[in-house]
Amino acid sequence: MSGKLDLDPRIVARARALAARAGQPVVDLARSHTTVSVERAVLRLAGVTGADPDGIPWVNRLVDAVRADVGLEHGVAVPAFHALLSSGSEDLTTLAQKAAAGSVRFTLPSRKGDISAARRAASKAARAGIKIVDRQRVARDRLIKRHGNPAQRPWIYLIVATGDIYEDIPQAQAAARAGADVIAVIRSTGQSLLDYVPEGATREGFAGTYATQENFRLMRAALDETSRELGRYIRLTNYASGLCMPEIAALAGMERLDMMLNDSMYGILFRDINPIRTFVDQRFSRQVHARAGIIINTGEDNYLTTADAVDAAHTVTVSQLLNEFFAHEAGLEDWQLGLGHAFEINPDLPDSFRLELAHALLARELFPDAPLKWMPPTKHMTGDVFRGNLLDGFFNLAGALTGQGILLVGMMTEAVVTPWLSDRDIALQNVRYVLNGAGNLHEDFTPGPFIRGRANQVLGEAIDLLEKIVDDTLLDAIADGTFGIMKRPADRGKGLDGVARHAGGYFNPVTSILEEVA
């Protein structure tokens, strides 16, 4: 498919170079700061589990106690493991319980021997957690080899969202039997703003099911059964975003999720999470995803729910280029980059379908080795289910014509009701008909001057914006409402109080392991 748009390789290279220049200050910021969620993720990988009788995770209680005594700026690993070695506690969870009861105090050891002992103990525990992630990656590869991948691309991605994990499971299995290749368990409304990860299996979510380690385990086991039944590996997706992005990434790695929604910009723009907090969290979570072999999905499609899909098309391209840079820097490979974009142009606009093809094909040619995630129409769904089903058919056709990697199933009842099983079945019929009928039509599709011209125009506008961002900084661009017309200053937003700049001697055993040179 390469070369259909006549993109000048020098212009493409310039766009990537500008994205790297615009993104590097944010990487530097992330490398020099930590957050409460990063530190909690470290302790989760080191073995802390469970919650107190009020449902507050022990990892939260432990990090809060360390922070109250010595702050976050040195990391929690050394003071926590120094206390563990000094107090005679059996494990970190027991230490957390003692800390919550006020029977343990945390200090920064001053003697080199004590510092070294704490670091060794922390590294040993963290390495045990990373080994779990590594074993799960090997297990995924083994199961894919045994059961096989879906026969076609794009992979068909379908959302389940009942609020009850025990209702989600049979719905997810039914969806897989009806043709879905990827099951996404959407999170309960508002979970991204919780500064803790709920514990255990849950049955009371709102418009979604809480992301918990036990829910991950239950759904993964159920889809493994269905993979054996169908003879193809069914992938599982959840959301590593919001205030607990690093922790959810760690839990996903330990429970063998296959894809994770992972993009700081969604939390910044649509949940008003502090930009610094979430960029720090994003880098750590992507390092974990890289190690776990998880495909990330980014959220550029969300910009077009608030901004105009034609006027703001270049902001999607800019964000994709920045996300590619951030992902590569964190260790993710191209096959793990489910960069997002969406079919959101007003269908009443003349040539709307041609414009959609131009935008989709531009993304495909800019990122030829990435499994792009193509999102269905939502903004212009009117409640007319017949019109909606037709519009979804055009969306599916655009995906087939432009070689998308992951196609989210559009629902004709979008914005009307939470989909019934019958709605999902009709939507899957639509997808199967279009993909089967189109086959490899993308091989025969040759865009004309309108589509080539529009794609090159969007790329040119993206470069102009990147040049401005390089001059003004990405954080200022976010504050000015450049993306999704939402203004989010770096000194405001939820979670800012959970950020700390590294002090001399900061130690994070997980990042030390993840950044080891092979």
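A residue counts as buried here at under 20% relative accessible area, as exposed at over 50%, and as partly exposed in between (1.4 Å probe, protein chains only). By that rule, 60% of the 518 residues of the chain are buried.

This is a predicted model, in which local features need pLDDT of at least 70, side-chain atom pairs count only at pLDDT 80 or more, and totals for chains, interfaces and linings use all residues. Residues are numbered from 1 along each chain as its sequence is written, and side-chain values use heavy atoms, with hydrogens and water left out.

Start with the whole chain. Its C-alpha atoms fill a box of roughly 70 × 55 × 40 Å along the principal axes. Colour by secondary structure to see 19 helices and 11 strands; these are DSSP runs numbered from the N terminus, helices being H or I of at least four residues and strands E of at least two.

Next, select the open sheet of 9 strands, which pair in parallel in the order β7-β6-β5-β4-β3-β2-β10-β9-β8. Two strands pair if DSSP finds at least two bridges between them. The edges are β7 (337–338) and β8 (340–342), each pairing on one side only.

Within the sheet, select 259–261 (β5) and 295–297 (β6), a parallel pair with 3 bridges. L261 has N297 of β6 as its bridge partner.
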